[in-house]
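This briefing is meant to be read alongside the sequence and the structure. It starts with the overall make-up and then goes through selected places by topic.

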Amino acid sequence: MKWLIENLKTLFYALLIALLIRSLIIQPFYIPSSSMEPTLLVGDRLFVTKNSYGYSKHSFPFSPSIYSSRIFFKKPKRGDVVVFKTPSDNRTDYIKRLIGLPGDVVQFINGDLYINSNQVIKTIKSKNTELFCGSHKIKVNIFEEKLSNGKTYNVSYRTDISISNTDKYLVPVDHYFFLGDNRDCSKDSRFLNEVGYVNKLNLVGKAQILFFSSDSRIASFFNFFRWKDTIRLNRFLKKII
């Protein structure tokens with residue numbers, strides 16, 4: 001009986017340590033959709049640092065209502081790739097790029113992104129590239145966008161029916177505006193009734209590094225004979241920008 005009690009104590013402490021690491025330091029996430037292509041692909045596994053923006057109830061599993069504020073808050077930077085809980089249900093994890101800070105005005109004009117009436121400069125990187133949109137492939141042009149703080153990253157716009165013009169989005173106090181890098185295949189802050197502006201309390205953490213990637217659309221990970229086709233070795237330990 002003594003050995004059973006000792007083993008249970010060891011298991012309890014191990015689970016407690018794992019919970020603390022997951023809640024306070026780092027947490028793995030899986031990418032299930034193509035909304036962040038070309039930056040993140042379906043099947044990417046990445047680490048998110050939980051202390052990047054301080055802590056709220058969403059830092060913990062099941063978002064327990066232990067407190068209603070954010071402690072040790074650190075302001076996120078424009079261009080960060082962020083995991084957050086969707087405002088519509090405060091439960092579902094989304095990962096998008098932070099574009100608009102509190103008080104910003106975000107708008108698309110003739111297919112170009114504007115922040116506070118300043119056009120975000122984009123430079124063509126490749127044309128007629130194939131990316132996924134859900135289970136379908138679409139033709140896109142890939143651009144490098146450069147934000148006012150010097151942050152650069154790649155985004156994709158469809159070659160046929162790309163987004164053109166939108167209303168102005170005025171980001172409220174203590175809220176943020178997010179876009180997917182796959183601009184014409186992303187449910188993000190432009191969809192006010194489904195995602196909209198994200199409260200700072202809903203921020204979970206900052207995406208930092210890919211640690212594993214496999215394409216389940218080719219074959220299941222458990223199909224060992226197809227590993228050479230499914231595992232993307234070139235994405236291992238890749239920093240997310």
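The protein has 2 helices and 15 strands, where helices (H or I, at least four residues) and strands (E, at least two) are DSSP runs numbered from the N terminus. This is a predicted model, in which local features need pLDDT of at least 70 and side-chain atom pairs count only at pLDDT 80 or more, while totals for chains, interfaces and linings use all residues. Residues are numbered from 1 along each chain as its sequence is written, and side-chain values use heavy atoms, with hydrogens and water left out. Of the 241 residues of the protein, 44% count as buried; here buried means under 20% relative accessible area, exposed means over 50%, and partly exposed lies in between (1.4 Å probe, protein chains only). Among contacts (heavy atoms within 4.5 Å) with a separation of 6 or more, residues 24 or more positions apart account for 58%.

**Aromatic pairs**

- A search of the whole structure finds 7 aromatic pairs, a pair being two rings of Phe, Tyr or Trp (its six-membered ring) with centres within 6.5 Å, where planes under 30 degrees apart count as stacked, over 60 as edge-to-face and the rest as tilted.
- One of them joins Phe-143 and Tyr-157, whose ring centres are 5.9 Å apart and whose planes stand at 80°, so the pair is edge-to-face.
- This pair links distant parts of the chain, with Phe-143 in strand 9 (residues 136-146) and Tyr-157 in strand 10 (residues 152-158), 14 residues apart; both Phe-143 and Tyr-157 are buried.
- The rings of Phe-177 and Tyr-197 have centres 6.2 Å apart and planes at 50°, so this pair is tilted.
- Phe-177 lies in strand 12 and Tyr-197 in the loop between strand 12 and strand 13 (198-199), so the pair ties together parts that are 20 residues apart in sequence.
- Phe-177 is buried, with a relative accessible area of 0%, whereas Tyr-197 counts as partly exposed at 21% relative accessibility.
- Phe-84, Tyr-94 and Phe-178 are linked into a cluster by ring pairs.

**Charges over rings**

- The charged end of Lys-122 sits over the ring of Phe-143, 4.6 Å from its centre; for such a placement, NZ of Lys or CZ of Arg must be within 6 Å of the ring centre and within 35 degrees of the ring normal.
- Lys-200 lies over the face of Phe-73, at 4.7 Å from the ring centre.

**Surroundings of His-175**

- His-175 lies in strand 12 (residues 175-179), and its side chain reaches the backbone oxygen of Val-173 at 2.7 Å.
- Leaving aside residues up to four places away in sequence, His-175 touches Leu-101, Pro-102, Tyr-197, Val-198 and Asn-199.

**Pocket and cavity**

- The largest pocket has a volume of about 260 Å³; on a 1 Å grid over the protein atoms alone, a pocket is an open set of points with protein on both sides within 12 Å along at least five of seven lines, a cavity is a set where a 1.4 Å probe fits but cannot get out, and lining residues have an atom within 4 Å of a point.
- Grid points are joined across faces, edges and corners, and a volume is the space filled by probe spheres set on the points.
- Of the 13 residues that line the largest pocket, the closest to its centre are Pro-32, Ser-33, Asp-93, Tyr-94 and Ile-95.
- Strand 1 (26-30) and strand 4 (93-100) each supply at least two residues of this lining, and strand 4 gives the most, with 4 residues.
- The whole structure holds 1 cavity of 30 Å³ or more, and residues lining the largest cavity include Gly-79, Asp-80, Arg-97, Lys-151 and Ile-241.

**Backbone details**

- Most residues other than glycine have a negative phi, and most peptide bonds are trans.
- A cis peptide bond joins Glu-37 and Pro-38, with omega about 10°, and Pro-38 has its place in the loop between strand 1 and strand 2 (44-49).
- Asn-90, in the loop between strand 3 (81-85) and strand 4, has a positive phi near 55° and is partly exposed, with a relative accessible area of 36%.
- Asn-128, in strand 8 (residues 121-133), has a positive phi near 50°.

Note on methods: Polar contact = N/O pair within 3.5 Å; in protein donor to acceptor, adjacent residues only side chain to side chain.
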